[in-house]
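Have a look at the sequence and the fold, then read on.

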Amino acid sequence: MYTYENEKSKIFTENGQEMFLKIRDKVQILLKQSGSFMLEKAISGVTGDSWVQLACIDRLVELKEIKEITDKTKVAGQHRVFISYY
């Protein structure tokens, strides 16, 4: 089962940083295009461990670059929706 706390450290590896930057760039494009995005769109086309991909999104939330507008307990992970924090 995915737990951010267990996956967070993997973001700070060489591969994790590459993945994080790809996802962050894609998130910024999606926000510019529509103002919101579904998690599955942000990680689409990014290769690697899917739990680390989720951790990248949760890290962006932690950094207050994005905020979630769905109740993640009531939707599938890939269907979580986010908007810009500001």
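How many aromatic pairs does a search of the whole structure find? It finds two.

## Ground rules

This is a predicted model, so local features need pLDDT of at least 70 and side-chain atom pairs count only at pLDDT 80 or more, while totals for chains, interfaces and linings use all residues. Residues are numbered from 1 along each chain as its sequence is written, and side-chain values use heavy atoms, with hydrogens and water left out.

## The aromatic pairs

Rings of Phe, Tyr and Trp (its six-membered ring) pair if their centres lie within 6.5 Å; planes under 30 degrees apart are stacked, over 60 edge-to-face, and the rest tilted. F37 and F82 make a stacked pair, with 5.3 Å from centre to centre and 20 degrees between the planes. F37 sits in strand β1 and F82 in strand β3, so this pair ties together parts that are 45 residues apart in sequence. For the cut-offs, buried means under 20% relative accessible area, exposed means over 50%, and partly exposed is in between (1.4 Å probe, protein chains only).

The other pair is Y85 with Y86: their ring centres are 5.1 Å apart and the planes meet at 80 degrees, so it counts as edge-to-face. Y85 is partly exposed, with 31% relative accessible area, whereas Y86 is exposed at 79%.

## The overall build

The protein chain has four helices and three strands, in the order α-α-β-α-α-β-β along the sequence. Here helices (H or I, at least four residues) and strands (E, at least two) are DSSP runs, numbered from the N terminus.

How does the chain match up with a compact globule? For 86 residues, such a globule would have a radius of gyration near 12 Å, and the protein chain has 12 Å, which agrees. That radius is taken over C-alpha atoms, and the globule rule is 2.2 Å times the number of residues to the power 0.38. The C-alpha trace spans about 30 × 25 × 25 Å along its principal axes. Of the 86 residues, 34% count as buried. Among contacts (heavy atoms within 4.5 Å) with a separation of 6 or more, 57% come from residues 24 or more positions apart. The accessible surface is about 5,400 Å², with 53% of it belonging to carbon and sulfur atoms; areas come from the Shrake-Rupley method with a 1.4 Å probe, and for residues only the protein chains shown count as cover.

## Helix α4

Helix α4 covers residues 50-62, and its 13 residues should span 18 Å at 1.5 Å a residue; the end C-alpha atoms are 18 Å apart, which agrees. The expected span is 1.5 Å times one less than the number of residues. Its buried residues include V52, L54, I57 and L60. Which elements do the buried residues of α4 pack against? They pack against α1 (4-7), α2 (14-34), β1 (36-38), α3 (39-43), β2 (66-68) and β3 (81-84).

At the N-terminal end, D49 caps α4, with a side-chain oxygen 2.7 Å from the backbone nitrogen of W51. After α4 comes K64, in the loop between α4 and β2. Most residues other than glycine have a negative phi. K64 has a positive phi, near 60 degrees, and is partly exposed at 41% relative accessible area.

D58 lies in α4 and is buried, with 10% relative accessible area. Its side chain makes a polar contact with the side chain of R80 at 2.8 Å. A polar contact is a pair of N or O atoms within 3.5 Å; within protein, one must be able to donate a hydrogen and the other to accept it, and residues adjacent in sequence count only if both atoms are side-chain atoms. Leaving out residues up to four places away in sequence, D58 touches Y2, Y4 and R80.

R59 is also in α4 and is buried at 18%. Beyond its neighbours within four places in sequence, R59 contacts Y4, K8, I11, F12 and F20. G35, in the loop between α2 and β1, is 24 residues from R59 in sequence and 19 Å away in space, C-alpha to C-alpha. G35 is partly exposed, at 36%, and touches L30, F82, I83 and S84, not counting residues up to four places away in sequence.
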